[in-house]
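Work through the exercises below with the sequence and the model side by side. Try each task before reading its solution.

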Amino acid sequence: MTLISVEGVSVAYGAKTALSNVTMALEPGEIVTIVGPNGSGKTSLLRVILGAIDARKGKVQLKPGLKIGYVPQKLHIDPTLPMTVGRFLRLTDKLTKQQCVEALSAAGVPDLMERQMSQLSGGQFQRVLLARAITGKPDVLLLDEATQGLDQPGSAAFYRQIEEVKQRTGCAVLMISHDLHVVMSASDRVICLNGHVCCQGTPAVVATAPEYRALFGTGSDGALALYRHEHDHDHDHSHEAAE
């Protein structure tokens with residue numbers, strides 16, 4: 001059963017239209033990435049899915065009982081406030097220490113339980129936010145440019161962690177990203193947004209679409225080349241395993 005269905009959704013802030021007639025869906029087990037230039041309505045789409053803002057037209061339907069884990073773009077915590085990672089994870093839910101450790105382990109940072117939030121690196125902080133999002137065992141993970149501020153290796157490592165979480169928990173993933181190279185290797189489907197859906201499909205299809213090229217330039221060939229290289233590499237390994 002479809003987890004999230006967005007049908008003909010338009011969103012406006014006063015006289016300014018942010019989204020126009022957007023239709024998309026998220027199916028179980030998928031990793032879907034939304035890409036688009038700044039101001040293209042990516043965050044508005046996530047906010048309307050989360051129910052944080054209302055659509056002017058159209059409708060959003062969530063599977064009954066759907067549990068969503070959300071990883072924001074950034075979260076400001078007062079650096080003078082003493083707070084361990086363990087305490088941060090338990091702020092909104094009554095979790096056991098074991099549940100916290102399991103979530104941190106799934107996010108790839110099992111040893112941060114007693115560390116102060118103010119002492120974490122950017123990558124560690126985002127992984128703690130990921131751990132917090134998966135403590136509720138969500139059906140869907142929503143990520144809003146969760147790697148902003150991380151360098152390319154840090155971003156790539158974070159997306160690999162997302163893939164591991166998906167395989168471990170079976171949750172679907174819907175994320176906004178500006179990391180085109182990483183998106184191409186991590187996604188099942190890509191939706192290119194610029195106020196409306198310009199194009200969508202598999203990474204290989206979207207990377208060659210004229211609408212995508214118009215937004216991101218022919219430099220996006222590099223993203224497709226990397227996508228092909230990584231998937232050929234995976235394919236080679238699967239052949240080796242079969243032999």
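The model is predicted: local features need pLDDT of at least 70, side-chain atom pairs count only at pLDDT 80 or more, and totals for chains, interfaces and linings use all residues. Residues are numbered from 1 along each chain as its sequence is written, and side-chain values use heavy atoms, with hydrogens and water left out.

**Exercise 1.** Check the span of α5 against its number of residues.

Solution. 
- Helices are DSSP runs (H or I, at least four residues), numbered from the N terminus.
- The expected span is 1.5 Å times one less than the number of residues.
- α5 has 18 residues, so it should span 26 Å.
- Its end C-alpha atoms are 26 Å apart, which agrees.

**Exercise 2.** Describe both ends of α5 and its buried residues.

Solution. 
- At the N-terminal end, D151 is the cap: a side-chain oxygen lies 2.8 Å from the backbone nitrogen of G154.
- After α5 comes G170, with a positive phi near 80°.
- Buried (under 20% relative accessible area, 1.4 Å probe, protein chains only) are S155, A156, F158, Y159, Q161, I162, V165 and K166.

**Exercise 3.** Find what lines the second largest pocket.

Solution. 
- A pocket is an open set of points on a 1 Å grid over the protein atoms alone, where a 1.4 Å probe fits, with protein on both sides within 12 Å along at least five of seven lines; lining residues have an atom within 4 Å of a point.
- The lining has 13 residues; A103, A106, I134, K137 and T169 lie nearest the centre.
- α3 (97–106) and α5 (152–169) each give two or more residues.
- The largest share, 4 residues, comes from α3.

Note on methods:
Buried < 20%, exposed > 50% of the residue type's maximum accessible area, 1.4 Å probe, protein only. Polar contact = N/O pair within 3.5 Å; in protein donor to acceptor, adjacent residues only side chain to side chain.
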